[in-house]
Amino acid sequence: MNTPRDASLEAALAHIFAAEGETRASWFALTGGERLFTAGQPADTLYLVRSGRLGVFRQKEDNPEPQFLGVIRPGEPAGEMSLIAGTPHTATAVALRDSEILALPREAFLDAARAHPDVMVELASLMVRRSRETSQRAADPSVFGFVSARERPIREFVERVRDQIGHLGFTARVIDSSALNSAAEWLSLIEQTHDFVLYCAEQDETAWAGLCARQVDRLFVVGDLDGPARMPPVQRSGSLEEHQLTDLILLRRAAGPPVRDTARWLKAVDPARWFHVREGLVDDEARIARTLTATCVGLVLSGGGARAYAHLGAIAALREAGVPFDFVGGSSMGAVIGAGVALGWDQQELEDRIRKAFVDQSPLTDIAFPIIAMTHGRKVNQLLIEAYGDVDIADLPLPFFCGSSNLTANSYVVHRRGMLRQALRASISLPGVLPPAVIDGQVLVDGAVLRNLPADVMRGWQPGPVVAVDVSRTHTVDPSVLENPKTWWRWILSGDWRQGPPIVSILMRSATITSAADLAESRAATDLLVMPELGGVEIRDWKAFEPAVKAGWAAATAALADLKGPVSHLRLRRAKKALSVGRSGTASETASGSVHPPASGKRPKAAPKAPKQKRPASRRKAPSDTV
């Protein structure tokens with residue numbers, strides 16, 4: 001959602017960059033994909049974006065994928081936080097397209113700030129807002145490119161996505177190849193007066209497709225699932241591809257067979273994300289619209305042994321409330337249940353399959369002499385084969401990931417490709433309870449060991465609200481069982497052997513304990529956190545299906561009752577509220593909870609003028625507004 005510019009900030013920056021007699025500011029151009037600065041470099045310059053856009057990224061040590069923080073648009077400064085703090089840059093800024101930048105050395109900035117104290121006040125206000133925007137993702141991309149990799153036109157599909165964006169309460173514009181000769185100023189005006197802009201290039205429009213790739217914040221390659229797998233003849237710089245800004249949409253017939261062989265498209269395009277869309281089906285096209293508008297919902301389910309049955313109740317309550325699931329992820333048993341959601345199982349099928357796999361057939365009954373683990377793991381392997389077959393993660397109807405812990409590399413592994421049941425087997429391999437999974441020579445154990453609630457992974461994967469269900473915070477190891485354990489023969493005669501010996505509870509609980517710091521980080525990445533009360537459900541009590549499901553439903557229902565609007569708009573409401581800090585007026589929300597998008601149709605105030613420098617060659621004249 002585009003955010004209105006702050007006129008007082010622009011005026012303050014104008015004092016610095018365009019004040020009469022100021023000669024220390026310089027102008028230069030960045031090509032799309034070129035870096036303005038890199039994390040760790042000294043912050044000795046204040047930058048101002050004159051035209052184009054910058055993307056800001058941060059790399060976390062424990063996550064190999066870059067975290068997208070937001071977009072810096074024309075008229076906005078870059079690098080001001082580290083400059084004022086006197087610290088190295090904490091993030092990397094990359095030109096999303098060809099951009100013009102003004103630069104002012106730190107000493108010149110400090111001199112100007114002393115002469116104009118209002119500059120520091122406005123920049124301080126900006127830094128507060130940006131800090132909140134980073135956590136709320138208020139500065140998400142708003143200009144997207146759709147480039148065809150199929151014979152049939154994609155224009156109608158893109159227009160239907162635009163219509164779905166309109167149904168969500170935003171303004172959107174489709175721009176096609178008739179704008180190839182348009183002036184950059186006209187294209188910029190379209191972006192300023194619409195919440196979202198969708199560039200559309202057909203397969204034979206090579207020149208226009210190349211321009212789209214350089215003009216947009218994020219690129220979508222659109223192909224036919226059953227057609228030839230190929231990357232359109234467009235190039236984005238290595239820096240942009242390094243930050244994973246190209247996605248894939250695979251269209252197929254609404255009544256066609258199940259998805260197969262997505263892997264060949266992934267090999268050809270190597271996208272950051274991919275989406276399966278049944279062409280003409282409103283639900284699927286609405287999911288793409290939600291992804292573009294940051295109203296998509298990411299569901300994250302924690303590990304927790306038998307207590308994970310509560311996820312089923314929480315999912316039922318969310319579905320009853322009309323909450324869409326657009327991305328799904330989890331660890332351990334949360335991943336097993338989440339995979340069913342990603343497969344498109346309805347509530348009845350989801351509950352029936354989990355009941356059959358884990359209630360009717362206790363998964364830990366193949367007790368082994370504990371050389372590697374307490375069980376052989378063959379029972380679990382068979383249950384996963386029966387439930388999930390030979391499905392590839394890439395073929396799932398919904399984007400899905402599960403996590404495991406790599407003992408070989410001492411790292412967290414995010415599984416988004418490969419055989420689903422093998423990834424799930426790794427994700428549930430609790431150390432000491434199940435033998436580790438070995439994939440490509442790497443020893444993998446339960447994802448809960450390093451990240452039981454991978455909400456931060458979901459946060460970096462998609463821009464919308466994150467709904468997390470955490471069943472790991474309840475104490476479930478019975479002290480009396482450990483103080484007075486049953487003898488072996490009483491344990492066998494009672495039937496408790498079907499749950500595994502009491503040591504299984506200790507191992508499972510130890511593997512799913514989350515530190516206070518990890519818990520705080522996970523919670524910070526969520527927008528709606530559901531925490532069922534499961535004090536009466538033991539972590540290895542695989543027969544406690546009904547009470548756990550009931551607890552999950554009650555907790556999710558209570559969490560939803562506290563909301564003032566739809567879950568899909570949670571982040572937008574909070575971002576709007578954050579942006580209201582330091583500005584006149586407050587964020588408006590109707591009684592029904594819908595958020596009012598920013599007013600469109602008014603041309604924003606121009607950015608401060610640059611000092612006189614040699615400028616790029618002028619562009620061609622803009623056409624009338626009829627694209």
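## Strand β12 and its partners

G223 stands opposite L250 in β13. This is a predicted model. Strand β13 covers residues 246–252, and its pairing with β12 is parallel, over six bridges. Strand β9, residues 143–148, also pairs with β12 in the parallel sense, here over five bridges. Within that pairing, F146 has F220 of β12 as its bridge partner.

Strand β12 spans residues 218–224, and seven of the seven are buried, so the strand is largely enclosed by the rest of the structure. R218, F220, V222 and D224 point one way from β12. L219, V221 and G223 point the other way. Residues on both sides are buried.

## Cysteines and T92

The structure holds zero disulfides. A disulfide needs the sulfur atoms within 2.5 Å.

C212 is buried, and C402 is buried as well. T92 is also buried. The table gives their values.

| Residue | Relative accessible area |
|---|---|
| C212 | 1% |
| C402 | 0% |
| T92 | 8% |

T92 lies in strand β7, residues 92–95. The T92 side chain makes a polar contact with the backbone nitrogen of A39, at 3.1 Å.

Definitions and conventions: Residues are numbered from 1 along each chain as its sequence is written. This is a predicted model: local features need pLDDT of at least 70, side-chain atom pairs count only at pLDDT 80 or more; totals for chains, interfaces and linings use all residues. Side-chain values use heavy atoms; hydrogens and water are left out. Helices (H or I, at least four residues) and strands (E, at least two) are DSSP runs, numbered from the N terminus. Buried means under 20% relative accessible area, exposed over 50%, partly exposed in between (1.4 Å probe, protein chains only). A polar contact is a pair of N or O atoms within 3.5 Å; within protein, one must be able to donate a hydrogen and the other to accept it, and residues adjacent in sequence count only if both atoms are side-chain atoms. Two strands pair if DSSP finds at least two bridges between them.
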